[in-house]
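Hi,

Here is the structure I promised to pass on. Have a look at it first, and then read my notes below.

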Amino acid sequence: MNVIQAVKMYIIKMTEESGPGMKVILMDKETTSIVSMVFSQSEILQKEVYLFERIDSHTKWDDLKHMKCIVFLRPTSENIALLSRELKSPKYGVYFIYFSNVVSKADIKTLAECDEQETVREVQEVFADYLAVDRHLFSFNIVGCLHGRSWNQHHLQRCSQGLLALLLSLKRRPIIRYEAGSEACARLAERIKELMRREAVLMDNNIPFNGDIPPPQLLVLDRRDDPVTPLLHQWTYQAMVHELLTIDNNRVSLAGVQDAPKDMKEVVLSSEQDEFYAKNLYSNFGEIGQTMKSLMDEFQKKAKSHQKVESIADMKNFVETYPLFKKMCGTVTKHVTVVGQLSSVVGSRRLLQVSELEQELACHADHTRHLQRLKAMLSDEAIAGTELVKLVCLYALRYEKHAANALPALIDSLKSRGAEHRAPALLLEYGGAHARQSDLFGLQDAAKITKRLFKGLSGVENIYTQHTPLLKDTLEDLIKGKLRENLYPAVGGELLNRRPQDIIVFIVGGTTYEEALCVHQINQSYPGVNVVLGGTTIHNSTTFLNEVKEAMHGQHRTHTRHIRNL
């Protein structure tokens with residue numbers, strides 16, 4: 001189950017079915033992102049695609065009848081209207097139309113009526129209706145999918161359609177399980193099941209039935225069950241870049257970085273197109289420094305060899321290897337700039353000190369010591385308000401029921417520092433003990449208490465990476481057949497008598513790169529098991545706190561009414 005490969009196959013199919021000749025690809029905002037996530041511009045140029053157009057742009061081109069037009073759109077009413085207008089007065093010679101999901105017969109009829117000049121050669125459905133971020137990671141780029149505990153209807157439709165497309169593209173017909181304590185998970189699970197029933201013929205034609213292997217499982221989880229993971233600073237390369245610089249559709253903006261080269265105000269970090277990045281996605285910050293040194297040494301050797309151009313053979317060798325050298329030069333400059341900026345931010349914002357306390361709050365209970373250290377940090381002007389907000393949020397979650405809880409005083413301190421002081425109370429309303437069905441801090445489950453005790457006795461290998469996401473325990477229970485059916489029921493009460501080999505996890509409210517790392521490790525640790533992870537978006541701490549804010553907007557506070565100073 002490789003989501004990048006699945007999307008790539010569809011795009012290659014589109015470019016090949018239109019035959020040889022100059023092509024333009026006509027897309028909408030979302031399909032532009034879908035394509036750019038898996039193909040670089042140079043790769044798609046090799047498929048004879050020379051022009052990239054947006055269907056909603058009003059660029060006035062002369063007629064380009066000599067070009068074939070590949071249309072790749074989401075089947076929305078707006079896109080159908082825009083495409084109808086295009087077909088009434090076509091700019092291009094012929095049109096090959098591909099929709100990224102199931103399209104209605106009524107929409108096909110509308111397009112047929114507009115195609116008076118008979119320029120349409122093909123209309124097909126391809127199921128590339130999600131952003132393939134990594135081989136085992138996908139997203140829909142939606143922040144603010146819930147209002148209170150209920151879905152925004154538009155986002156519910158987008159996620160259910162996108163997940164149907166995912167199943168069709170991966171050719172999987174799963175049993176759907178969901179978190180019983182979450183109304184949002186139940187709604188989404190039921191909606192996907194309903195779409196699968198409605199498109200039963202399509203499912204049967206696309207997905208061969210194989211009774212010999214256990215049926216795959218689609219597990220729908222709620223972000224509220226683990227609000228801790230998105231708040232923590234990460235120390236692996238990909239997750240660090242997202243937390244400190246923000247990755248948006250594989251692009252990282254370096255516009256605010258002082259020493260960034262002029263041509264690197266925005267860089268692309270894609271594991272498919274950048275070998276160094278692919279190898280170091282999950283390397284920790286210390287290892288990255290060592291790897292960067294090796295990369296620099298290799299680059300300097302190559303640079304020296306390029307200086308010796310003395311004979312005809314040297315010239316020939318130089319011409320042949322120059323493109324590779326130039327590419328390597330770009331890779332080195334890009335990663336040196338990114339790692340340099342990460343290092344600068346870690347130092348200036350005192351993130352090692354902050355991260356140590358974050359990990360302590362997430363993994364251990366020691367109220368007196370934690371409160372003392374938190375108060376010391378709140379009075380330290382060198383630590384940014386944004387970092388203090390996250391620390392107080394973690395304190396609020398960890399010590400919500402503690403007899404000596406000092407949250408109101410800590411909120412007052414945030415207020416006096418001019419920080420976003422409402423965030424901790426909003427987070428408690430969003431993901432406090434009342435909203436979670438899991439034992440997040442391992443306070444009730446005897447097995448978790450024992451595990452924590454042994455971990456404490458054996459010591460900690462790295463104080464900055466003590467935390468493991470709740471998702472790891474959930475997935476290991478599912479793989480071992482121990483995931484409780486009363487807490488994670490199947491839609492329609494399907495039998496769960498076989499352990500799954502293929503698992504798709506979808507987190508309502510967004511996933512994180514720490515959880516993607518956890519899925520990568522599980523795929524390596526359990527031979528024969530294949531897990532793919534997705535979410536409404538991929539969060540860093542900033543987008544997660546925005547998600548909380550949007551979900552709680554206009555909602556009455558019922559669990560934090562005792563906090564008066566907001």
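Met22, Leu45 and Tyr50 make a nonpolar surface patch of about 280 Å². Patch members have over 30% relative accessible area and no salt bridge, with nonpolar side chains (Val, Leu, Ile, Met, Phe, Trp, Tyr) joined within 5 Å and like charges within 9 Å. A salt bridge here is a side-chain nitrogen of Lys or Arg within 4 Å of a carboxyl oxygen of Asp or Glu. Areas are Shrake-Rupley values with a 1.4 Å probe, and only the protein chains shown count as cover for residues.

Keep in mind that this is a predicted model: local features need pLDDT of at least 70 and side-chain atom pairs 80 or more, while totals for chains, interfaces and linings use all residues. Numbering starts from 1 along each chain as its sequence is written, and side-chain values use heavy atoms, without hydrogens or water.

Back to Tyr50: you'll find it in strand β2 (residues 49-54). Tyr50 counts as partly exposed because its relative accessibility is 43% (buried is under 20%, exposed over 50%, partly exposed in between). Strands (E, at least two residues) and helices (H or I, at least four) are DSSP runs, numbered from the N terminus.

Next, a hairpin: β6 and β7 have two residues between them. β6 (residues 131-134) pairs with β7 (residues 137-139) in the antiparallel sense over three bridges; pairing takes at least two DSSP bridges. Leu131 stands opposite Ser139 in β7.

There's also an open antiparallel sheet of three strands, ordered β12-β13-β14. In it, Asp248 stands opposite Arg251 in β13.

Cheers

Terms used. Buried < 20%, exposed > 50% of the residue type's maximum accessible area, 1.4 Å probe, protein only.
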